Amino acid sequence: MNYIPVGQRDDTYDLFALVKRIEVKTSSKGQKYMDLTLGDKDGDIDAKYWDYQEGVTPMFEVNSIVKVRGQLQEFRGAPQFRVSHIRATVPSDNVRPQDYIAMAEFQPEAMYRAILALTDNFKDRDLADLLKAVFEKYKKELLLYPAAVRLHHAMQGGLLYHTLSILRLCQQVAKLYPTVDEDLLITGAALHDIGKIVEMDANELGLASQYTTEGNLLGHLVVGAMMVRDVAKELGTPEEKTVLVEHMLISHHGKPEFGAAVPPKFLEAIILSKLDELDATIYEVCDTYTNVGAGEFSSRLWNFDNIALYNPGRVEHPEPVAKLFDTED
């Protein structure tokens with residue numbers, strides 16, 4: 001993040017940042033404070049504003065830009081920004097929200113086209129037509145949506161980025177193991193997270209700040225299966241093929257405790273579940289490395305069973321970038 005030193009003090013900075021999360025909490029001493037996650041294209045940081053006064057301090061909108069001043073500190077092994085002043089930006093600041101959001105490494109249109117191009121080699125035209133019809137119906141959302149509110153691929157175009165990353169893995173698995181039904185595997189992988197465009201509420205910048213009511217009550221696995229079934233009915237897709245794709249969607253989280261409606265029960269569904277987890281894990285580890293020096297450990301991470309990750313430092317650029325294209329598109 002772009003920390004601008006203030007005066008001669010080496011621990012005080014100004015910072016323009018996107019408000020990614022904001023809550024008013026009460027400390028163990030009964031003091032109300034503002035708990036925030038601030039971010040820009042380079043990453044996020046937890047922040048605390050201890051001088052919050054109810055009814056006096058304004059409540060800022062999620063995905064708005066603020067200017068903060070404070071001290072960069074460390075808390076429990078992780079960086080934290082202690083805010084002393086906070087305000088909304090004004091026109092004279094010359095900042096735009098789109099300059100502070102993370103974006104996919106590749107153009108959404110290029111990723112969208114690459115996914116649809118995979119159907120050119122399908123032997124099963126029912127599955128090809130189903131995949132294309134769903135993508136065409138929801139093209140506007142697919143070009144914009146992130147893959148998550150936080151954690152992996154939480155960026156504009158992140159949903160397509162995550163999807164195409166898994167599809168590239170699927171192609172390699174199918175090449176290595178001829179027994180895999182590549183058409184079915186690619187169809188399930190391409191559609192596995194389609195329900196996220198209903199599960200999350202994303203703005204015009206491609207940022208999701210919260211889950212929708214339908215998302216909270218049903219989740220994207222079930223919602224996605226419902227969306228696919230609606231399109232399959234319109235197309236007249238054979239029922240046995242529709243059910244296979246639906247099963248892949250509702251089972252791709254692997255276990256019920258991880259959100260799966262049922263565990264995956266055939267080869268392509270099992271492969272999808274494993275590759276989905278693999279792609280998300282690689283992204284999150286590499287993203288963690290960007291804030292951890294070579295030969296150092298991260299802070300403990302709840303999404304990795306509260307362990308601290310080690311950066312061996314053997315890769316010069318550990319950023320979470322997948323090679324989705326052989327050449328620039």
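The chain carries 34 positive and 50 negative side chains, and the centres of these two sets lie 3 Å apart; in this count Lys and Arg are positive and Asp and Glu negative, while His and the chain ends are not counted, and each charge is placed at NZ of Lys, CZ of Arg, CG of Asp or CD of Glu. The model is a predicted one, in which local features need pLDDT of at least 70 and side-chain atom pairs count only at pLDDT 80 or more, whereas totals for chains, interfaces and linings use all residues. Residues are numbered from 1 along each chain as its sequence is written, and side-chain values use heavy atoms, with hydrogens and water left out.

The chain contains nine helices and ten strands, where helices (H or I, at least four residues) and strands (E, at least two) are DSSP runs numbered from the N terminus. For 329 residues a compact globule would have a radius of gyration near 20 Å, and the 22 Å of the chain agrees with this; the radius is taken over C-alpha atoms, and the globule rule is 2.2 Å times the number of residues to the power 0.38. Along the principal axes, the C-alpha atoms fill a box of roughly 65 × 45 × 40 Å. Of the 329 residues, 49% count as buried, a word used here for a relative accessible area under 20%, with exposed meaning over 50% and partly exposed in between (1.4 Å probe, protein chains only). The chain exposes about 17500 Å², of which carbon and sulfur atoms supply 50%; these areas come from the Shrake-Rupley method with a 1.4 Å probe, and for residues only the protein chains shown count as cover. Among contacts (heavy atoms within 4.5 Å) between residues at least 6 apart in sequence, 58% join residues at least 24 apart.

The description of the strands can begin with β3 (residues 32-40), which is mostly covered, eight of its nine residues being buried. Strand β3 pairs in the antiparallel sense with strand β2 (residues 12-26) over eight bridges, pairing being assigned if DSSP finds at least two bridges between two strands. Within this pair, I22 stands opposite L36 in β3, and in the hairpin of β2 and β3, which has five residues between the strands, G30 takes a positive phi near 85°. On to the next strand, seven bridges join β3 to β4 in an antiparallel arrangement, with L38 opposite I45 in β4, and these two strands form a hairpin with two residues between them.

Strand β4 (residues 43-49) is in turn joined to strand β6 (residues 78-88) by three bridges, and these two run parallel; here A47 stands opposite F81 in β6. Strand β5 (residues 65-75) runs antiparallel to β6 and is joined to it by ten bridges, with Q73 opposite Q80 in β6. In a regular strand the side chains alternate between the two faces of the sheet.

Two loop residues have a positive phi although neither is glycine. N63, in the loop between β4 and β5, has phi near 75°, and its relative accessibility of 13% means that N63 counts as buried. D305, in the loop between β9 (297-301) and β10 (307-310), has phi near 55°, and with a relative accessible area of 71% D305 is exposed.

Among the helices, α5 (residues 182-191) is mostly covered, nine of its ten residues being buried; those buried residues are D183, L184, L185, I186, T187, G188, A189, A190 and L191. Their cover includes α1 (108-117), α2 (125-137), α4 (158-176), α7 (213-235), α8 (239-251) and α9 (267-289). Helix α1 has seven of its ten residues buried, so it is largely enclosed by the rest of the structure. The buried residues of α1 are P108, A110, M111, Y112, A114, I115 and L116, and they pack against α2, α3 (139-142), α4 and α5.

In helix α7 lies L235, which counts as partly exposed at 44% relative accessibility. Leaving aside neighbours within four places in sequence, L235 is in contact with D129, L130 and A133. The C-alpha atoms of L235 and D51 are separated by 59 Å, the two residues being 184 apart along the chain.
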